[in-house]
Amino acid sequence: METSEHADDWTRIAGSTQVLIRSRIEIAAVLQSLVDGNHPLVSHHQVHDQLFIANLHRVCAEQNLIVVGYSDNKTANAEVFAAGAILFRASHPKGCVGFMASHPVEQDDPTRGIRFDFPDVLFVEQRRAHKRIQVVPETKLNCLADAGGITPFDACIVDIGLSGLGFMVYDPAINLRPGTVLAGCRIDLPDGSVACVDIQVMNSVRLGLRDGSSACRAGCRFIGDPDKIDKLLKVFVLDLERHDGERGD
């Protein structure tokens, strides 16, 4: 998916041309468009006034990584590893993209380059100069799944993209088959309101959590009133211009 295909959608959802995206689905799509379009990443290191310029080679949200090539500037490469986390920017036909990349590690196989953690947030500026990137907490929305069905259960919505596809995490004791439609799911939004939508399960995998427990994550499709779907998207695609104004910066 090219960024150009969804730029207008981001503006519609966020209400602004300055958009902060924390949906991993959309972040992966934007980064992949940089790979496909051969748009270089640029980072300026002020300590030694070094400019790092290299292409993004690989994007994999499932493995929580991206791989960036080495710069021709060896000093800039060294600065990347010394910094531990850097701000990348890239020019795209539909605007400027920025994101923080952290935990650089040398990688030779299968793609030679510098491996970073998959970014938590990504900024898209479609009109004016860059604004700073704000790190936001991990987003999880509590959900009473199948509230309008036979057997309601607690779950968390952890991602949703503009395609209407997203991810839901739930107790591994619950067996959900692909194609199952969970009716009248009630999703708690940060403003205190509730979005009521149907959720169709596409697939499900079992995950091991950091505390040693396990959970299931289902890829799913959100079905319902477009306005309600948009309210969900607003949690993951933010109007950064408005949020900066509220802080009085």
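I began with strand β7 (residues 95-102), which pairs with β10 in the antiparallel sense over three bridges. For pairing I required that DSSP find at least two bridges between two strands. Helices (H or I, at least four residues) and strands (E, at least two) are DSSP runs, numbered from the N terminus. In this pair, V97 stands opposite V124 of β10.

The model is a predicted one, so I kept to its limits: local features need pLDDT of at least 70, side-chain atom pairs count only at pLDDT 80 or more, and totals for chains, interfaces and linings use all residues. Residues are numbered from 1 along each chain as its sequence is written, and side-chain values use heavy atoms, with hydrogens and water left out.

Next I looked at cover on β10 (residues 122-125). Both of its faces are covered: L122 and V124 are buried on one side, F123 and E125 on the other. Buried means under 20% relative accessible area, exposed over 50%, and partly exposed in between (1.4 Å probe, protein chains only).

I then traced the barrel. It is closed, has six strands in the order β11-β12-β13-β16-β15-β14, and its pairing is antiparallel. From one strand to the next, the twist averages 45 degrees. Axes here are lines fitted to C-alpha atoms, for helices over the stretch in contact, and angles run from 0 to 180 degrees between N-to-C directions.

Helix α4 (residues 226-236) packs on the sheet and touches β11, β12 (153-160), β14, β15 (194-208) and β16 (214-223). I took contact as heavy atoms within 4.5 Å. The direction of α4 makes about 70 degrees with that of β12.

I also checked the pairing of β11 (residues 141-145) with β14 (residues 181-188), which is antiparallel over two bridges. There C143 stands opposite I187 in β14.

For salt bridges I used a side-chain nitrogen of Lys or Arg within 4 Å of a carboxyl oxygen of Asp or Glu. The count by this rule is one. R112 forms a salt bridge with D108, and the closest N and O atoms are 3.9 Å apart. R112 counts as exposed because its relative accessibility is 55%; D108 counts as exposed because its value is 61%.

Last, I noted the chain totals. I found five helices and 17 strands. Of the 249 residues, 44% count as buried. Among contacts between residues at least 6 apart in sequence, 59% join residues at least 24 apart. The chain exposes about 12600 Å², of which carbon and sulfur atoms supply 48%; accessible areas come from the Shrake-Rupley method with a 1.4 Å probe, and for residues only the protein chains shown count as cover.
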